[in-house]
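Q: I have just opened this one and would like a walk through it. Could you take me from the overall picture to some single residues?

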Amino acid sequence: MQSIVLKNCRAVVPEGILENASIVIEDGLIGEIGGRAPAGAEIIDLEDRLLLPGFIDIHNHGAVGIDVNGVERADELFEIGRFLAGRGVTTWLPTLVPDSDETYRRVIAAVGEAVRAQDNMPVARIAGVHYEGVFANTQMCGALRPEFFRTFTGGEVNELPTLADGVHLTTLAPEIAGGIELVGELRRQNWIPSIGHTRADAETLERAFAAGARHVTHLFNAMTGAHHRELGVAGWALTKDEISCEIIADGIHVHPQMLLLALHAKPADRLLLVSDSVAPTGLGDGEYELWGERITVTGGRTQNERGSIAGSVITMLDAVKTYLRLGVTPACVSRMASNNPARLIGLDRTHGTIETAKRADLVALDERGNPVLTMVGGRVV
Ligand SMILES: [Zn+2]
């Protein structure tokens, strides 16, 4: 593969911003930072733009009219992946909502096919899957369909189809029957348990923590809040330093000031951005069919027939822009969009920061925060 040099950029590195940087890209990896261009390298002048590690979205139900639960072929996932790459996302976890066994089998087969074929595609890479809410609390279903919820008696994790290669993450409510044992079983099978769609009390949350739960799905949404006399799931998650939280920064799911509250409360490496995007993302306002219901999208807000918010229509890029608009530094936002999700899913040795020997998954943003270049595995896509 030809070497590339990205020159004249403001690179967001773990220590802060490196002004007037040049980054050598060789064999799909980040080579020397600030080094001399190898002979014959292609030079790309980024004209003083910000260069960040590519975004990693661990909670994404689809975009451009394609719903992950409805996917039948790898091509459809590539279509989502192409759209995401255009918005700076370089890694994602297709996220399933509760559905039938048959649907799970069909979707996981397509995801497996995409994982095997994606290396030469100009798309965001699939790193695994997220099963959202199979084991959720029926009182906290949000837009999920409770008829497909399950409890845990011992074998239910094995009923979920898995990928031969990749991360498996699942959102669960620890207070359901068998919930604590479920956390332990998921850890034994190398899954990442995530607490969400829940109204568990503090004692149950502590038991889930002791069993190995370390992450919370969309902080504040589909959980009990933080009241000054009632801790709630959000209050617990905000104050438990070892717990990482994902947050939907669309300014609709969570008030902008509450986005700052979460940032102030959590250690720097424990808050991460997700899109929670649904199929209409990228298509604009209108009426759509989603998860067996009609949903409307008005001014970027989704609503189903039950009056619930039905996911978002943002991408990670919008979440990044939201936090930048709130005055948060690019280095801090970049941690939330790339480094922290990489660490959660165990990819931080190879992904998530601009450092020598990491994968060249990068995005350059112009002064308005729009991508001018996305690179996946050293290739401009
Ligand atoms: Zn979701």
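**A first look at the fold**

A: Among contacts in the protein (heavy atoms within 4.5 Å) between residues at least 6 apart in sequence, 70% join residues at least 24 apart. This is a predicted model, in which local features need pLDDT of at least 70 and side-chain atom pairs count only at pLDDT 80 or more, while totals for chains, interfaces and linings use all residues. Residues are numbered from 1 along each chain as its sequence is written, and side-chain values use heavy atoms, with hydrogens and water left out.

Q: OK, and how many helices and strands does the protein have?

A: There are nine helices and 22 strands, where helices (H or I, at least four residues) and strands (E, at least two) are DSSP runs numbered from the N terminus. The radius of gyration is 20 Å, close to the 21 Å from the globule rule for 381 residues, so the protein is as compact as a globular protein of that length; the radius is taken over C-alpha atoms, and the rule is 2.2 Å times the number of residues to the power 0.38.

Q: What share of the residues is buried?

A: Buried residues make up 60% of the 381, with buried meaning under 20% relative accessible area, exposed over 50% and partly exposed in between (1.4 Å probe, protein chains only).

Q: Switching topic, which domains are assigned?

A: The assignment, which is an automatic or database one, gives domain 1 (4-50 + 368-380) and domain 2 (55-350). Twelve residues from domain 1 and 14 residues from domain 2 take part in the contact, and the C-alpha centres of the two domains lie 30 Å apart.

Q: Now helix α8: is it mostly covered or open?

A: Helix α8, residues 316-325, is mostly covered, as seven of its ten residues are buried. Among them are Met316, Leu317, Lys321 and Tyr323, and the helix is followed by Gly327, which has a positive phi near 90°.
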